[in-house]
Amino acid sequence: MVEHSGLDIMCLNKYCHSSSSSSSSEHEKKIFTKLKISLTGDYPRKNAEILSGQYGINVLLIGAALMLAIAHHGPSVKEEHLLSFITCLMILQLIWMMWYILVRDRQKNLQAEKDVHATTCWIRGGLTLLALLSLIMDAFRIGYYVGYQSCVSAVLGVYPVIHATHTIAQVHFLWFHIKDVIKTFETFERFGVIHAVFTNLLLWCNGVMSEAEHFLNNHKRRLSALGYGNLSIVHSEPHCNCTTSACSMFSNSLYYLYPFNIEYHIFVSAMLFVMWKNIGRTIDLSSNQKRPGTKTHGLILGPILGLVALASTIGVLVVYIIHVEESVQTRQSAISMFYCYGIVMLVFMCSAGASGLLIYRANHMPMDTTKNPSRQLDTELLFGSSVGSWLMSWCSVVAVLGSNSSPPYRWTNLIYALLLVLEKYVQNLFIIESLYRQWEDGEREDPELPAAPEIFSVTSSLAPPYNGIINRAYDTPDRACVTMENEQEENGQVYRCPRKPSEVPLPVGKKVAERPSVKRQILKNITVFLIMCNISLWILPAFGCRPQYDNGLEQETFGFSIWTTVLNFAVPMNLFYRMHSVASLFEVFRRV
């Protein structure tokens, strides 16, 4: 300590000071050089992200400007102009996808990196089903154009043909290339992928606008029939006679297929956005592993309750659509029935989500903090799409508390709105916590059962593989026997060595049947029940059961124009939230 103090005192002279300052300046130069290298190395990627993102946003805003002009129903901008713009965007995306596929085919010798978390087979299968329904809608559009081709623009015939071609090519792209991690032509590919993202977003916006306008016209007709005043209804029928007898059937059937087309485009845009985020990304091989198959043992209560919820939903939908256009008393009874049904459904969903959260609190499992763009996007979309429903719910609360009228469904509307806010709180928390749990590393399949004896050591799965020379004579006979057996099985030979009788009785078969724990069975049943409930709550507004238009409380408080504007924003967001929750809950089911 004395020598150390002496050295400290000696270092107070000017030579020591100059040496320390020179060393600090050299250290600062090294830090600056490293920072400069990191900035210059990362600059092209960030620059391409910003430029491509701005390009995509401006493409979307051009389409939004055209849609706003069309909504005014003025003589200057018509639907043909918007469809021509979207058709050009789809053709550009088709050219880019063809170029990308050709380049990938030429690079078959190079093994491309894949992000296994980008999507799953069942998501692509569901999108394929939605794409088939979109193709049926395109066929109806073509039939509608053939009937009115003498007095409508040719764009109405070209658009469904290009859209059908775009749908088929895009589904092929999703099945074979959506997991690719692009490392070549990164700047160009960023523009191509973001163009595809915003083209699908614009197609989603166009579908939402057409479906909302159709529903609003039906609502105005209903109000006019009930004597609520003269409301202007926009007639979009062509000014000529149809040459076929199926024009009205084509026109009416389109609006039953719009919900599927809308969900198809918004999901595709989300998947393509994950691909855009993966461009130039370095994949962590330790976390980029495919999960084993999902076990369905013990799934009884969840599917049964889910099917009951789905059956009751279909019954409520049929009764509501039939009775909402009848007399005032029958209409009020239909609205009251919807709110009572919704309260029961939301109470069960809140209870199920809270039970799952309690199970997570009881099990102190570690959280997965690895970088995963797909999971991060799921979290952001859950929160973002909840905003529409929350806005609609709080508007309903304000309307109920401030309204002078007192229909029979006034207070059930209030309870329903508050439960809707609470249900999204609980469900979002349950989904996000499930997605960020480390199941494989944090918990064994059944912690209550005794561990089966292993022929390998405990640390063999934790230590890195040893690549040096292995002394076979040092290994135990059982380990050597297993090693010889595995090597000969790989070479196509059959070798069996004698086994010691195990202390744990094993069932007859190739694999040991592992029974999942009770907690996992409960979580799986909760997840299946929530999946069916979210499908049910998607079906109702998608096919015309929207009491927010019909109860009159919100319209009395906010006015017709403001309230319809709120609903035109909130209802599509709520529909997307329900379908996105179904996709996220499927992922939760696989992880559990």
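Reader: Which residues have the most contacts inside the largest nonpolar core?

Author: A nonpolar core is a set of buried Ala, Val, Leu, Ile, Met, Phe, Trp, Tyr and Cys residues joined through side-chain atoms within 4.5 Å. Buried means under 20% relative accessible area, exposed means over 50%, and partly exposed lies in between (1.4 Å probe, protein chains only), while a contact means heavy atoms within 4.5 Å. The largest core has 109 residues, and those with the most contacts inside it are L127, V193, L272, M275, F338, F430 and L530.

Reader: What pLDDT do local features need here?

Author: Residues are numbered from 1 along each chain as its sequence is written, and side-chain values use heavy atoms, with hydrogens and water left out. This is a predicted model: totals for chains, interfaces and linings use all residues, side-chain atom pairs count only at pLDDT 80 or more, and local features need pLDDT of at least 70.

Reader: How many helices and strands does the protein chain have, and what percentage of its residues is buried?

Author: The count for the protein chain comes to 17 helices and 0 strands. Of its 592 residues, the buried share is 45%.

Reader: Among contacts between residues at least 6 apart in sequence, what percentage joins residues at least 24 apart?

Author: Let's follow the chain and see how far apart in sequence its contact partners sit. Among those contacts in the protein chain, the percentage joining residues at least 24 apart is 87%.

Reader: How many residues of helix 14 are buried?

Author: Helix 14 (residues 518-542) reaches 36 Å from its first C-alpha to its last, close to the 36 Å expected at 1.5 Å a residue. That expected span is 1.5 Å times one less than the number of residues. Helix 14 is mostly covered, and of its 25 residues the buried ones number 21.

Reader: Which residues does L530 touch, leaving out those up to four places away in sequence?

Author: We have met L530 already, as one of the residues with the most contacts inside the largest core. With those sequence neighbours left out, L530 touches M349, A352, Q427, F430 and L585.

Reader: Is the disulfide of C242 and C247 right-handed or left-handed?

Author: A disulfide is a pair of cysteine sulfur atoms within 2.5 Å, and the structure holds 1. The sulfur atoms of C242 and C247 are 1.7 Å apart. C242 is partly exposed at 24% relative accessible area, whereas C247 is buried at 4%. The torsion about their S-S bond is about 55 degrees, so the disulfide is right-handed.

Reader: Which residue has a side chain in polar contact with that of N413?

Author: N413 is found in helix 11 (residues 410-435) and is buried, because its relative accessible area is 1%. A polar contact is a pair of N or O atoms within 3.5 Å; within protein, one must be able to donate a hydrogen and the other to accept it, and residues adjacent in sequence count only if both atoms are side-chain atoms. Beyond four places in sequence, N413 is in contact with Y339, S396, V400, N551, L553 and E554. The side-chain polar contact spans 3.4 Å, and the partner of N413 is Y339.

Reader: What is the phi of F185?

Author: F185 sits in the loop between helix 5 (155-177) and helix 6, and counts as partly exposed because its relative accessibility is 48%. Most residues other than glycine have a negative phi. F185 is not a glycine, yet its phi is positive, at about 50 degrees.

Reader: Which residues does T199 contact beyond four places in sequence?

Author: T199 lies in helix 6 (residues 186-225). T199 counts as buried because its relative accessibility is 1%. Its contacts beyond those neighbours are L89, M90, Q93 and H166.

Notes: Helices (H or I, at least four residues) and strands (E, at least two) are DSSP runs, numbered from the N terminus.
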